[in-house]
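Keep the picture open while you read.

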Amino acid sequence: MDGTDRGAARGARFAGQGRGCPHGDRLKTMLIIRKAESRDVAALFRLINGYAREGLMLPRTLGELGRAAGDFAVAEDAERIVGCGALRVYSGSFAEIRSLSVEPGVLRRGIGRAITEFLIEEASRAGVKSVFALTLSPAFFEKCGFREASPSEFPARIRRSRFARNRNPHPDKRTMVIALTTAAPTLAVRESAPATA
Ligand SMILES: CC(C)(COP(=O)(O)OP(=O)(O)OC[C@H]1O[C@@H](n2cnc3c(N)ncnc32)[C@H](O)[C@@H]1OP(=O)(O)O)[C@@H](O)C(=O)NCCC(=O)NCCS
């Protein structure tokens with residue numbers, strides 16, 4: 001099994017677990033992952049700009065987040081929004097996970113993975129073949145089944161808009177990617193065949 005196959009298989013295990021339902025297997029409290037709504041914009045602002053102040057993410061304004069709210073999913077426990085992440089679909093083949101953020105007080109409880117699963121499932125339903133992330137946390141994405149990729153694996157349009165140095169100046173950001181295997185007509189992610197050699 002090469003890296004791409006392994007990524008596809010991990011993606012299959014993600015599918016169906018995190019979508020708008022209680023996701024409490026690794027959490028002490030009930031957690032819902034759902035699409036963001038306009039009422040969530042202040043929480044998106046708080047989460048993302050908290051990390052932006054540490055230089056880990058690009059800052060976003062309330063206006064930008066209001067316009068992009070439809071791209072976001074949020075993780076909500078009984079009381080509040082504790083995490084978020086966005087999916088930007090570039091074409092039928094590629095999508096990017098952006099602004100993935102979990103509240104500092106609840107890290108390492110499976111929330112980042114649950115949001116990632118949700119976004120991958122959304123990408124799969126849209127027929128996306130490959131989901132990538134530009135990140136300072138490559139080890140997290142590896143745990144979620146992604147592998148490191150070279151910008152040369154992406155079409156010129158995405159290289160220009162996302163990998164050009166003036167667009168993404170942080171030198172330590174790594175590109176992580178996961179391949180999805182889609183099955184028409186449901187577009188559900190499915191397990192890849194086991195390796196034979
Ligand atoms: C990266 C981030 C989203 C992870 O969220 P999280 O809820 O703590 O992650 P999870 O608990 O779901 O972790 C899933 C797995 O990744 C591992 N992991 C999480 N963060 C990790 C890190 N920084 N380094 C190494 N492994 C990490 C966990 O231990 C877990 O592994 P396991 O399945 O073997 O137990 C969170 O640390 C964050 O918001 N970071 C700041 C913003 C950022 O860098 N976002 C990514 C850019 S798009």
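Predicted model: local features only at pLDDT ≥ 70, side-chain atom pairs only at ≥ 80, totals over all residues.

## The core

The largest nonpolar core holds 44 residues, and L44, A73, I115 and V131 have the most contacts inside it. A nonpolar core here is a set of buried Ala, Val, Leu, Ile, Met, Phe, Trp, Tyr and Cys residues joined through C-beta atoms within 7 Å. Buried means that 20 or more other C-beta atoms lie within 10 Å of a residue's own; with 12 or fewer it is exposed, and in between it is partly exposed, with C-beta atoms placed from the backbone.

The elements giving two or more residues to this core are α2 (41-53), β2 (72-76), β3 (81-89), β4, α4, β5 and β7 (174-179). The largest share, 7 residues, comes from α4. These helices (H or I, at least four residues) and strands (E, at least two) are DSSP runs, numbered from the N terminus. As for L44, leaving aside its neighbours within four places in sequence, L44 is in contact with A36, L65, F72 and C84; contact means C-beta atoms, placed from the backbone, within 7 Å.

Residues are numbered from 1 along each chain as its sequence is written.

The mean pLDDT (the predictor's confidence in each residue, from 0 to 100) is 81 for the protein, and 74% of its residues reach 70 or more. Over residues 1-26 the pLDDT is below 50, and this stretch has 59 contacts in the model beyond near neighbours in sequence.

## Helix α4 and what follows

Is α4 mostly covered or mostly open? Mostly covered: 13 of its 15 residues are buried.

After α4 comes G127, with a positive phi near 85°. T181 is 54 residues away from G127 in sequence, yet their C-alpha atoms are 9.0 Å apart in space. T181 is in the loop between β7 and β8 (182-183), and it counts as partly exposed because it has 19 C-beta neighbours inside 10 Å.

## Around the ligand

The ligand is surrounded by 20 residues, the closest being L107, G112, R113, A139 and K143; each has its C-beta atom, placed from the backbone, within 6 Å of the ligand. Elements giving two or more residues to this shell are β4 (94-102), α4 (111-125), β5 (130-135) and α5 (138-143).

Note on methods: Contact = placed C-beta atoms within 7 Å.
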